[in-house]
Amino acid sequence: MVPPAALPHVVIVGGGFGGLYAALALADQPVRVTLLDRRNHHLFQPLLYQVAAAALNPSDIATPLRSILRKAANITVLLAEVESVDLANRRLVLDRDEMGYDALILAAGASHSYFGHDEWEIFAPGLKTLEDALEIRRRVLLSYEAAEREHDGAEQRALLTSVVIGGGPTGVELAGALGEISRQTIAHDFRLIDPTEARIVLVEGGSRILQSFPESLARSAADALRRVGVEVRCDAVVTRVTADAVWLGGEQIRARTVLWAAGVAAAPLSRTLGVPLDRAGRVFVERDLSIPGHPEAFAIGDLCSFTADDGHPLPGLAPVALQQGRMAARNVLHHLAGEPTEGFHYRDRGSMATIGRAAAVAVVGRLRLSGLPAWLAWLFVHITFLIGFRNRFLVLFEWAWAYLSWQRGARLITGPWRSRR
Ligand SMILES: Cc1cc2nc3c(=O)[nH]c(=O)nc-3n(C[C@H](O)[C@H](O)[C@H](O)COP(=O)(O)OP(=O)(O)OC[C@H]3O[C@@H](n4cnc5c(N)ncnc54)[C@H](O)[C@@H]3O)c2cc1C
């Protein structure tokens, strides 16, 4: 059923955590909603590195937006790239046409930042989309295959060396997963090389990894990483990345697999708004998440810069985006009804990161967990939030069982070798 055209038109840009939860909160409300995304699926980014590490398949963590919103008759999903936003005239320029709105929720998320070195991207892909995850999986697996055929010792060592740049949760999880692949998953699958001798280096510019976690948990995480063979290098600033090496000042690490987990910047769409942005390109928003001077337009999630009650900007996390999505939806309805809007307050339920098999660190309220208890907490949270996935319990339990029971390599397949030399 087509929603009546007389209803106010709300446009949501982005079907990630922020945009999707805003849409779900506007289902069956007296508004006509159009959800625009350049991809046709909602992606559960927290499990992306499991796809990169060949532990999960893409379809395990992505669900078509259409099917999630199938029952919401007032919501139309369109596959479209939004090129720019004209806040003054309440219009969006799309890849093929234009669209007007009465209220707007911008939830376009973030992309990678190479700190002014965009030329590194080709050598050091980041992890943000399914394509990124599959590309990382391809590079990692093909490096082992190429090493098995390589006769030159130095080149073979380079093929068996991976560098992960950035010691935040994504870098830690990626490095841990690479460590597990080499030390456990494929440990006995080759004849001419020994995968357990692969070198995996996690490089962090700051004095410690996991800077948003308490120091004791960061230490536990570093120990867990070392147990799966990851070399943790702190106070190490990357100065150059090439096709086969990473440079830390004068030190060269020859590596055929380099992964970027160091910096994020708001989606480029923010730069078309013509409003003040922070250094990462995020839109400063009011307490009610609206864009200053535009009470009908809201920016949420990784795209916005919101100062929390403690005076610090909120981090780019799924629960932040999700809670802001719901609040932006409420405030859209308030705004359209001529009512006062509500201020946003983040309810922090904790943060966590995993380091491979049954190891993790977690902060939940005053509780600080590490090891198996943290990993079980991590598993529980991820099952709870894997929304819209009919088989979510199946996916997580299958994966957890494979993990705990040391089941090996069912998903270690990739495309053909293309030399990057
Ligand atoms: C590898 C990885 C691991 C993570 N792990 C965790 C974790 O363990 N815990 C946690 O809390 N958070 C984690 N995060 C962060 C979390 O995923 C983000 O904070 C969250 O996804 C932000 O939600 P969002 O809605 O703002 O943006 P996204 O979820 O990124 O959604 C943005 C959407 O906008 C669409 N889009 C962008 N630009 C356009 C455009 N111009 N036109 C049309 N569509 C557009 C995109 O296709 C995308 O669907 C992780 C992120 C990554 C990348």
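This note goes through the fold, the aromatic pairs, a few backbone angles and some single residues of the structure above.

1. Basis of the model. The model is predicted, so that local features are described where pLDDT is at least 70 and side-chain atom pairs count only at pLDDT 80 or more, while totals for chains, interfaces and linings use all residues. Residues are numbered from 1 along each chain as its sequence is written, and side-chain values use heavy atoms, with hydrogens and water left out.

2. Overall fold. The secondary structure of the protein comes to 11 helices and 25 strands, where helices (H or I, at least four residues) and strands (E, at least two) are DSSP runs numbered from the N terminus. The protein is as compact as a globular protein of 421 residues, because its radius of gyration of 22 Å is close to the 22 Å that the globule rule gives for that length; the radius is taken over C-alpha atoms, and the rule is 2.2 Å times the number of residues to the power 0.38. Along the principal axes, the C-alpha atoms fill a box of roughly 70 × 45 × 45 Å.

3. Among contacts (heavy atoms within 4.5 Å) between residues at least 6 apart in sequence, 63% join residues at least 24 apart. The accessible surface comes to about 19,300 Å², and carbon and sulfur atoms account for 53% of that area; the areas come from the Shrake-Rupley method with a 1.4 Å probe, and for residues only the protein chains shown count as cover.

4. Charges. The protein has 44 positive and 44 negative side chains, and 4 Å separates the centres of the two sets. Lys and Arg count as positive and Asp and Glu as negative, whereas His and the chain ends are not counted; each charge is placed at NZ of Lys, CZ of Arg, CG of Asp or CD of Glu.

5. Aromatic pairs. Rings of Phe, Tyr and Trp (its six-membered ring) pair if their centres lie within 6.5 Å, with planes under 30 degrees apart called stacked, over 60 edge-to-face and the rest tilted. By this rule the count is six aromatic pairs. One of them is the edge-to-face pair of Phe306 and Phe344, with 5.4 Å from centre to centre and 80° between the planes. This pair links distant parts of the chain, 38 residues apart, since Phe306 lies in the loop between β22 (304–305) and α9 (318–336) and Phe344 in the loop between α9 and β23 (351–354). Both Phe306 and Phe344 are buried. Elsewhere, Tyr114, Phe115, Trp120 and Trp260 form one aromatic cluster.

6. Helix α1. This helix (residues 17–26) is mostly covered, with eight of its 10 residues buried; among them are Phe17, Leu20, Tyr21 and Leu26. Just after α1, Asp28 takes a positive phi of about 65°.

7. Two further positive phi values. Most residues other than glycine have a negative phi. Asp235, however, has a positive phi near 50°, and this residue lies in the loop between β13 (230–233) and β14 (240–241), where it counts as exposed at 57% relative accessibility. Leu289, also not a glycine, has a positive phi of about 75° and is found in the loop between β19 (283–284) and β20 (290–291), but Leu289 is buried, with a relative accessible area of 0%.

8. Ala52, in helix α2 (residues 48–52), is buried at a relative accessible area of 4%, and, leaving aside neighbours within four places in sequence, Ala52 is in contact with Leu127, Ala133, Ile136, Arg137 and Leu174. Leu130 lies in helix α5 (residues 130–149) and counts as buried at 11% relative accessibility; not counting residues up to four places away in sequence, Leu130 touches His41, Leu43, Leu48, Pro58, Ile61 and Ala62.

9. Two partly exposed residues. Pro315, in the loop between β22 and α9, is partly exposed with a relative accessible area of 43%, and its C-alpha atom is separated by 9.2 Å from that of Ser212, 103 residues apart along the chain. Thr170 belongs to helix α7 (residues 169–185) and counts as partly exposed at 38% relative accessibility; Thr170 and Leu322, 152 residues apart in sequence, are 19 Å apart in space, C-alpha to C-alpha.

Conventions
Buried means under 20% relative accessible area, exposed over 50%, partly exposed in between (1.4 Å probe, protein chains only).
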